[in-house]
Structures are given as structure tokens and as C-alpha cells.
Amino acid sequence: QRGSEAPSSEISEVIDTASKVNRSSTMPGFIKDESLDLYIGNEALRRLPTKRKVSRMVRSKAAKLKRRQTNSEAMYRKAASVPDSLCDYAHEIHAISRVTPKEEKELGTKTQEAIRLKQMYDDLQGKYGREPTDEEWCAAAGKINMEALREAIQDGMEAKNLLVASNLRMVQ
């Protein structure tokens, strides 16, 4: 039992320490330290952003494109896990101008026309049990000749690629 009793000098030290405790704190054993509070306050003030000199931002279309490109490249270059090929692709995407809603409708129409022409070819192939002749395909598609047919398909594929690139740029 004697080992379980604390000497009176240790008890008085605990009582002295407890009397120094800030009773407004809910943390047990918390002792207010003015120098620590001052240090923390100074560090917080030091980390506040300083006032920057506001410069006039160039608002031309070319300047906006350049800013977007630079910002996106910087974002990817800073990331350690992004391969260089993706950075190059992001650079390539940002070289393409954005598509307006009107252009998007036109490109969508061209894409749908190309898909319709290819589907028509597949339908004719199923109908005849063989590959359709150029004349049969042109007649079914309402095109004058194969040149017009190929041009419509090529325009549709280019439109589709532009829409895809534009959408990738949007989500990138």
C-alpha cells in the first residue's frame, strides 16, 4: 500500500500546475502560452496573400486562347503522373478553336449524313446479298456520282473528328 501513495511534494506540484491551467479551455491539461499564440498569429499573417499590382488583361480572342493553352500546359507539366504524350495532346487540342452552337449543329448534320450514307451501303449489301455497285449506291443516296458521295462521307468524318476534339477540350 505504501507504493500506491504519492509523496506530498508530488501532489503539491500537480496542484500548482493545475492552478496555472486556463479554465476556459475544454482541453484537459491545456496551458495558455502567450509566446506560442503570438508566433501562430504572426505565421498566419505572413501567409496572407500580398496585394498584387493589377495589370490590364488583354481580352482579344488570340490572347484568351494563348492564356488557356498556357494554363492547361502548366497544369499538366506540374503533375508528375502525367506522361509527355498527354501534354502534347493537350497542346494539340488547345490549338483547335472552340465550336459555336451554330457550328455544332452544322457539324452534327454532316456527321449524321455520313453515318446515313454508310448505313445505306450496309442496307444495300444486305438487300442484294453482295456489295452494291457505285451506281446503285449513288441512286439510293441521291448523289450524282461517287465523287459527291465520297466527299459527303469525308466531310462527315472531318466534322465528327472536330466535334470529338472540341468536346475533349471542354472536359480536359
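Helix α7 (residues 146-171) has 26 residues and spans 38 Å from its first C-alpha to its last, close to the 38 Å expected at 1.5 Å a residue. The expected span is 1.5 Å times one less than the number of residues. Helices here are DSSP runs (H or I, at least four residues), and strands are runs of E (at least two), numbered from the N terminus.

This is a predicted model: local features need pLDDT of at least 70, side-chain atom pairs count only at pLDDT 80 or more, and totals for chains, interfaces and linings use all residues. Residues are numbered from 1 along each chain as its sequence is written, and side-chain values use heavy atoms, with hydrogens and water left out.

**Overall fold and confidence**

The chain has seven helices and zero strands. Of its 172 residues, 20% count as buried. Buried means under 20% relative accessible area, exposed over 50%, and partly exposed in between (1.4 Å probe, protein chains only). Among contacts with a separation of 6 or more, 52% join residues 24 or more positions apart. Contact means heavy atoms within 4.5 Å.

The predictor's confidence in each residue, pLDDT, runs from 0 to 100. The chain averages 78, and 70% of the residues score at least 70. By element, the mean is lowest in helix α1 (residues 8-20), at 55, and highest in helix α5 (residues 101-128), at 95. Where pLDDT is low, the predicted coordinates should not be read in detail.

**The core**

The largest nonpolar core has 11 residues: L117, M120, Y121, L124, W137, C138, A141, M146, L149, A152 and I153.

In α7, the buried residues are M146, L149, A152, I153, G156, A159, L163, A165, S166 and R169. Leaving aside neighbours within four places in sequence, A152 contacts A114, L117 and K143.

In α6, W137, C138 and A141 are buried. They lie on the same side of α6, because they cover an arc of only 100° around the axis. The arc is taken over the directions from the helix axis to the C-beta atoms. These buried residues pack against α5 and α7. E135 and A139, on the other side of α6, are exposed. Just after α6, G142 takes a positive phi of about 80°.

**Polar contacts**

A polar contact is a pair of N or O atoms within 3.5 Å. Within protein, one atom must be able to donate a hydrogen and the other to accept it, and residues adjacent in sequence count only if both atoms are side-chain atoms.

| Side chain | Backbone nitrogen | Distance |
|---|---|---|
| N145 (oxygen) | E147 | within 3.2 Å |
| T111 | K160 | 3.3 Å |

The N145 contact sits at the start of α7. T111 belongs to helix α5. At 10% relative accessibility, T111 counts as buried. T111 touches G156, A159, K160 and L163, not counting residues up to four places away in sequence.

**The α5–α6 loop**

T133 is found in the loop between α5 and α6. With a relative accessible area of 33%, T133 is partly exposed. T133 and Y121 are 12 residues apart in sequence and 9.7 Å apart in space, C-alpha to C-alpha.

Notes. A nonpolar core is a set of buried Ala, Val, Leu, Ile, Met, Phe, Trp, Tyr and Cys residues joined through side-chain atoms within 4.5 Å.
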